Every structure is written in structure tokens, then in C-alpha cells.
Amino acid sequence: MADSFTFDGTDLSTYGLTVMEGNDQWMPDPSVQLAGAPGSGYRFGGSGYQAGEITLPCAVQAADLSTLRTYRDAIARVLDVTKGAKKLAIDSIASRYWLAILKSSIPAPNTHSGFGTVFDLTFALEGYGYDTSATSSSATISANPTSFTIASPSGSAPATCVWYLRNTTGSSYTGTLKINSTTFGEYIEWAGTLASNYWLRVGSVDSDGRYLYTLDTSTTGGSDPTVLSWSNAKTGITTNGGDWPRLKIATSNTITVSGISSATLQYSYTPRYIGA
């Protein structure tokens, strides 16, 4: 079967679309900021990456011109830019996906070329590429503090984590909980009350695979935090390093949990990639 791509959960091969080859940036253009420095001219003020792009030379074929127009309308509906950035997965790069938005037009079918049309689709990519498989594990907190190690994530960019901390003290907890990625030098502290067997969730991932900087407590107790409902608790927090605790690549990561002597910590992350 010829390669195609999936966008926002819809396989575009359903509408006769195939990708003939890809033309993507292996790595997005760097962005370096300069800041004035008295007595020394300029110095680096920050760095990052500009939005990447990927161009897919596409062909659409149909049994007749009417079907070709129907396919074209369906493709336009799926790629509608007013929906914002959505998940883009390309058959030829099966292990990754991107959050992308269309930035090129879709031409009308050429009635002089039979029942097919050829055109390029260019997408702007939001941030990093993501692995299609998440890694999840857990650790038992039996002392205050407790440290443990998480192996280096794959990928080429630091991994953002969703952290779930369950109060297993047997009674309601009131105090300050801290999750510290000591290898990275990033932590988050939360001051509040957590009922017995309830969970604190640091970070979350939306239906498009986008990491969200949320902080919530579960509305009920339970052993599986992924099936619980959540209530916003993003107050009384302190962070260090400007980010929720992340994992470094190419090294083992030491995580320290403090403020509670009996808890379960579950975590989940998706490896991220710079470029394609």
C-alpha cells in the first residue's frame, strides 16, 4: 500500500491521497536572542528553535471527476486550519508524530489531467516531534525524602513528564509536597491538603498529545489515576528552573520526593525529537 498520512485521527488514504516523497527540515532553524551588555557590547539572551516545516508532495486519484471533487472537499475539511494545530502522523515515519497546521492551499482538481491531481501540502510544526509510544512506570515512597533513578529517555530533547503522587499514609495529608528532578535542577512544590488514597497530578496531556502545565487533585481515591476525575489545584506552588520537572536525555535521572513518608509516585513521558 502506498504511503499516506493521518491528520487529526483521519487517514487521508481514505480520500485517495498518497504521499509520493517527503521534503522536510531535518532540524528546525535555531533562534538566538542577543541582549545588550554594558561595557561588552552584546551577549546571548536566550536560544531555541523556530517552527519547523514539512512539505509532502501528494497525489489524489479517483474513479471519476465527481469523486475527485468529493475527495478534495473532504481533505480540505480534515485539514481545516481553524481547528488549530492537530496531530500529524506520516506513514513513512511510523514511530513519530507532530502537532501541525496546514500553511499551503489545496488546488482545485485539474480537469485536463484525468481523474487525479498532484499538489504539495506544507505544514508548520508546533515544537518538537513526539514518539508514538509513551513510557510509564512507578516508584514507592517509603521515607521522607525518597530518591530513585529513571533511565535516560530516548529522543533528542528533554522529556516532559506527567507525575501522579498518591497519598498512602492512611490519613489525610496537609503539608508541602515536592517532586524534584535533581539531575535537571527543576522541581515543583505544592502546599495543600490531599485526602487518603487521593492523587496529586502534575502536568497532563490533551487529546492531541500536547503537554499542558496543569496541577490537579483527584476528586476520588483509587489505584489507577488515569481513570479518575480531576479538580484544579494550581495554587500554592513553587517551581525552579522555569518548567515542571523534566528528564534529561543521555543520562540517568535522579528524582527525589519529599514532604511525605508514604506515597506512590507514577509517571509517564513521551520521548521528544528535534526536527524530523
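Let's start at Thr-146, which sits in strand S12, a stretch running over residues 146–150. Keep in mind that this is a predicted model. Is Thr-146 buried or exposed? Its relative accessibility is 11%, and buried means under 20%, so Thr-146 counts as buried.

What does Thr-146 have around it? Its side chain reaches the backbone oxygen of Ala-143 at 2.6 Å. Leaving aside residues up to four places away in sequence, Thr-146 touches Thr-140 and Ile-141, plus a run made up of Ile-255, Thr-256 and Val-257. That run takes us over to strand S21, which covers residues 253–258.

Now for the sheet itself. Strands of a sheet pair through backbone hydrogen bonds, in either a parallel or an antiparallel way. Here we have an open sheet of five strands with antiparallel pairing, in the order S12-S21-S14-S15-S19. S12 and strand S19 (237–240) are the edge strands, each pairing on one side only. From one strand to the next, the twist averages 15 degrees.

Strand S14 (residues 173–181) pairs with S21 in the antiparallel sense over four bridges. Ile-255 turns up again here: this S21 residue is the bridge partner of Ser-181, and it is also among the residues that Thr-146 touches.

Stepping back to the whole chain, there are 23 strands and one helix. Of the contacts with a separation of 6 or more, 70% are between residues 24 or more positions apart. Buried residues make up 40% of the 276 residues. The accessible surface comes to about 13,400 Å², with 48% of that belonging to carbon and sulfur atoms.

Notes
Residues are numbered from 1 along each chain as its sequence is written. This is a predicted model: local features need pLDDT of at least 70, side-chain atom pairs count only at pLDDT 80 or more; totals for chains, interfaces and linings use all residues. Side-chain values use heavy atoms; hydrogens and water are left out. Helices (H or I, at least four residues) and strands (E, at least two) are DSSP runs, numbered from the N terminus. Buried means under 20% relative accessible area, exposed over 50%, partly exposed in between (1.4 Å probe, protein chains only). A polar contact is a pair of N or O atoms within 3.5 Å; within protein, one must be able to donate a hydrogen and the other to accept it, and residues adjacent in sequence count only if both atoms are side-chain atoms. Contact means heavy atoms within 4.5 Å. Accessible areas come from the Shrake-Rupley method with a 1.4 Å probe; for residues, only the protein chains shown count as cover. Two strands pair if DSSP finds at least two bridges between them. Axes are lines fitted to C-alpha atoms, for helices over the stretch in contact, and angles run from 0 to 180 degrees between N-to-C directions.
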